[in-house]
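Hi everyone, thanks for coming.

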Amino acid sequence: MTVRLVEFVVAGNEASDLLPVRSAALLRAYGARRGFWTVLDEGPVERCLALLLERDDGEWTARHVRADAGVENGRTEDGEALAHHDGWVYAFGSHFGSKAGPLRPRRAFVARFREDDAVAGPVPVHVVRNSFRLHRAVNDALAASPLTLLPAGERVRERFIVETLARGTVREKSWVSRLAPSDLPLNVEAAAFTPAGTVLLGLRFPVTDAGEPILVEVAGVPGMFTAERAWPRALGAYVLTGVTPPGQLTGFRAITPTADGGYAAVIGSIDALGKGSVLLDDHPGGGEVTSRHVRFRLDCGEAGDGRRLVGEQVADLAPFHHVEGVAELDGRPFYVTDEDHRVALWVG
């Protein structure tokens, strides 16, 4: 497959995810015929929203979007996934930590905003930090599932779980009750809402013992933003089969709904090479993995087992190791890659 590179500089930062703009008013305001949201993965979410726009004359441009999270300004970091639902754009934090741990509560958040609000003025962004409630719900769902997971590894467990518990205990944080020594650290990298209003969270880590990527279906995410503040619950876990080469470890990097009712996704390495990853210290086979564009359906299970989803490969994206977002529009694929101090959009 031949792709064309379009490069941008947006606040000197790299991009995560790629979400098509649905607001006709927003496109008109910028004189654009199509566009994508992306989230810059360093800094608080309200400083990390950007638009990648194809103008009516065919030229591409990028816009760093001003936003305001009110009392939550400056209290989040590491936005990784974007998804549409019911007129809102949702942004999900990684719920992970730095490459060497520990877990960081600032990354355990979900935020949302309305696209039309980006036409003029700072975009009001509603941020809800969940204090590891989603971590607890997903870990419980994984433990209850029939999936056999890849063990975290001793260094990963020590740096991400034991150290987080120790720090929280010393600082008398209430969230320590939502962590357990047997937990796995979660790295949420992808999200897509289903027609039923649940959200599929694509995990970069953990993966199965066969190295295959995992989805967790979560209900009640919009309830986090109501006055009553209802917390989400995990309904179950899925494994995507048939797309991971033997001997490799692949996690989700991006997910997007497709026009036929299925989903497109990017799978790739469980962490980046050369950045001091404790995950790769314990699982060195998870780094030297190139990205793949795949598709799947929730109703396409193997041997009647709805927890095992059968995927198909759309494209091998080698030599790229760091594709962070995918979209399929008008029969063409679009990808965004994680580059140092720039945003790289690849147009099929």
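This is a predicted model: local features need pLDDT of at least 70, side-chain atom pairs count only at pLDDT 80 or more; totals for chains, interfaces and linings use all residues.

Residues are numbered from 1 along each chain as its sequence is written, and side-chain values use heavy atoms, with hydrogens and water left out.

Okay, helix 3. Helices are DSSP runs of H or I with at least four residues, strands are runs of E with at least two, and both are numbered from the N terminus. Helix 3 covers residues 154-170, which is 17 residues, and at 1.5 Å a residue they should span 24 Å. That expected span is 1.5 Å times one less than the number of residues. The end C-alpha atoms are 22 Å apart, which agrees.

Where is the kink in helix 3 centred? Look at E163: the kink there is about 30 degrees. The bend at a residue is the angle between axes fitted to the seven residues ending there and the seven starting there.

Now, which residues of helix 3 are buried? They are V156, F160, I161, T164, L165 and G168. Buried means under 20% relative accessible area, exposed means over 50%, and partly exposed is in between, using a 1.4 Å probe and protein chains only. An α-helix has 3.6 residues a turn, so residues three or four places apart point the same way. Helix 2 (133-144) and helix 4 (278-282) are among what covers those buried residues of helix 3. Just after helix 3, E172 has a positive phi of about 55 degrees.

On to pockets. A pocket is worked out on a 1 Å grid over the protein atoms alone: it's an open set of points with protein on both sides within 12 Å along at least five of seven lines, and lining residues have an atom within 4 Å of a point. The largest pocket has about 560 Å³ of space. Of its 27 lining residues, D41, E80, K99, K275 and D338 lie nearest its centre. The lining splits into three nonpolar, nine polar and 15 charged residues.

The second largest pocket has a volume of about 380 Å³. It is lined by 14 residues, with P105, R106, R171, K173 and W175 nearest its centre. Helix 3 comes back here, giving the largest share of that lining, three residues.

The peptide bond from G101 to P102 is cis, with omega near -5 degrees, and P102 sits in the loop between strand 8 (88-93) and strand 9 (109-113). Another cis peptide bond joins A318 and P319, with omega about 15 degrees. P319 is in the loop between strand 21 (312-316) and strand 22 (323-329).

D86 has a positive phi near 55 degrees, in a residue other than glycine. It lies in the loop between strand 7 (79-85) and strand 8. Is D86 buried or exposed? D86 is exposed, with a relative accessible area of 62%.

Last one: E217, in strand 14 (residues 214-219). E217 is buried, with a relative accessible area of 13%. Leaving out residues up to four places away in sequence, E217 touches several residues, including T194, R233 and Y238; contact here means heavy atoms within 4.5 Å.

How values were computed
On a 1 Å grid over the protein atoms alone, a cavity is a set of points where a 1.4 Å probe fits but cannot get out, and a pocket is an open set with protein on both sides within 12 Å along at least five of seven lines; lining residues have an atom within 4 Å of a point. Grid points are joined across faces, edges and corners, and a volume is the space filled by probe spheres set on the points. Ala, Val, Leu, Ile, Met, Phe, Trp, Tyr, Cys and Pro count as nonpolar, Asp, Glu, Lys and Arg as charged, and the others, Gly among them, as polar.
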